[in-house]
Amino acid sequence: MRRNIQFVLAGVAAVLAVALVFWLVTANQGTAAAPSANAGDARAQLEQLKVAPRGTLDGYDRKKYPHWSNQGQNCNTREFVLKRDGKDVKAGSDCNPTSGSWTSPYDGDTWTKPSDVDIDHMVPLAQSWVSGAKDWTNEKREQFANDLTRPQLFTVTDRVNQQKSDKAPDQWKPPLVSFWCTYATDWITVKNYYALTITSAEKSALTLMLDKC
């Protein structure tokens with residue numbers, strides 16, 4: 001009886017060991033990004049957002065938004081998102097991807113070099129500053145800059161990200177019109193969660209984009 005129990009325990013341990021190895025190898029790869037809200041929910045959330053003039057960038061500094069934070073397994077937030085959003089991603093022991101492919105939702109282009117893509121904040125850091133984050137603690141701004149729960153971080157074409165820069169939807173929209181619906185719902189989801197304000201022009205632009213849903 002004792003030998004049988006030891007045999008069973010050994011088998012369980014072996015299964016757990018295999019599962020652990022599999023998890024370590026595949027962790028963070030193929031993990032879906034946060035789901036987008038449906039258009040109806042987004043419209044309701046949009047009406048709940050406070051409309052106010054856009055503030056100034058006085059006092060703004062990206063250093064007040066600590067990133068990229070440690071996400072475990074030797075990966076920071078940027079590396080986590082690259083592995084999450086990519087296909088067939090391979091990385092070194094430092095978790096920095098060395099190969100793979102990434103399709104940018106902003107323009108639909110696919111890239112095979114990590115240097116050709118950026119990790120974009122759906123609601124840019126500077127946009128959060130002028131719509132309420134100026135009064136946050138650095139800890140809350142760090143949460144915002146590294147948020148993997150809301151649809152806030154995307155792997156996108158670097159030049160397109162540079163074109164977007166710190167602009168709101170009334171100032172810039174993704175080249176890929178078919179992504180406008182998702183872009184609007186995600187922008188609203190993030191602003192709603194963090195209780196950030198919007199301008200009247202921003203609200204009009206988001207409403208227009210929601211009409212693409």
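Predicted model: local features only at pLDDT ≥ 70, side-chain atom pairs only at ≥ 80, totals over all residues.

Now for the overall plan. The protein has 8 helices and 5 strands. Read from the N terminus, its elements follow the order α-α-α-β-β-β-β-α-α-β-α-α-α. There are 213 residues, and 41% of them count as buried. If you take the contacts with a separation of 6 or more, 72% are between residues 24 or more positions apart.

Let us begin with the helices. Two packed helices are described by the angle between their axes and the distance between the axes. How do helix 7 and helix 8 cross? Helix 7 covers residues 180-193 and helix 8 covers residues 200-210; their axes come within 8 Å and cross at roughly 135°. Helix 7 and helix 8 are therefore oblique to each other, and their crossing is left-handed. On the helix 7 side, the contact is made by Trp180, Cys181, Tyr183, Ala184, Thr185, Trp187, Ile188 and Lys191, while helix 8 brings Glu202, Leu206, Met209 and Leu210. Sorted by class, the residues of this contact are 9 nonpolar, 1 polar and 2 charged.

Helix 8 has another partner to show you. The axes of helix 2 (residues 39-48) and helix 8 come within 11 Å, and here the crossing is at roughly 170°. That angle makes helix 2 roughly antiparallel to helix 8. Ala42, Arg43, Leu46 and Glu47 of helix 2 meet Lys203, Leu206, Thr207 and Leu210 of helix 8. The classes in this contact are 4 nonpolar, 1 polar and 3 charged residues.

An open sheet is formed by 3 strands in the order 1-2-3, with antiparallel pairing. Its edge strands are strand 1 (87-91) and strand 3 (110-111), each of which pairs on one side only. Strand 2 (residues 97-103) is joined to strand 3 by 2 bridges, and tryptophan 102 has tryptophan 111 in strand 3 as its bridge partner. Helix 3 (residues 77-85) lies across strand 1 and strand 2, and runs at about 55° to strand 2.

Strand 4 and strand 5 (residues 153-157) make a pair as well, running antiparallel over 5 bridges. Is strand 4 mostly buried or exposed? Of the 5 residues of strand 4 (residues 117-121), 4 are buried, so the strand is largely enclosed by the rest of the structure.

Isoleucine 119 has a relative accessible area of 8% and is buried, since buried means under 20%. Its bridge partner in strand 5 is threonine 155. Setting aside neighbours within four places in sequence, isoleucine 119 is in contact with Trp68, Arg78, Val81, Leu82, Leu153, Phe154 and Thr155. The C-alpha atoms of isoleucine 119 and glutamine 152 are separated by 9.8 Å, although these two residues are 33 residues apart along the chain.

Methods
Residues numbered from 1 in each chain as written. Heavy atoms only, no water. Axes fitted to C-alpha atoms, helices over the stretch in contact; angles between N-to-C directions. Parallel < 35°, antiparallel > 145°, perpendicular 65-115°, else oblique. Left-handed = near helix turned anticlockwise from the far one by under 90°. Contact = heavy atoms within 4.5 Å. Nonpolar A, V, L, I, M, F, W, Y, C, P; charged D, E, K, R; others polar. Buried < 20%, exposed > 50% of the residue type's maximum accessible area, 1.4 Å probe, protein only. Pairing = 2+ DSSP bridges.
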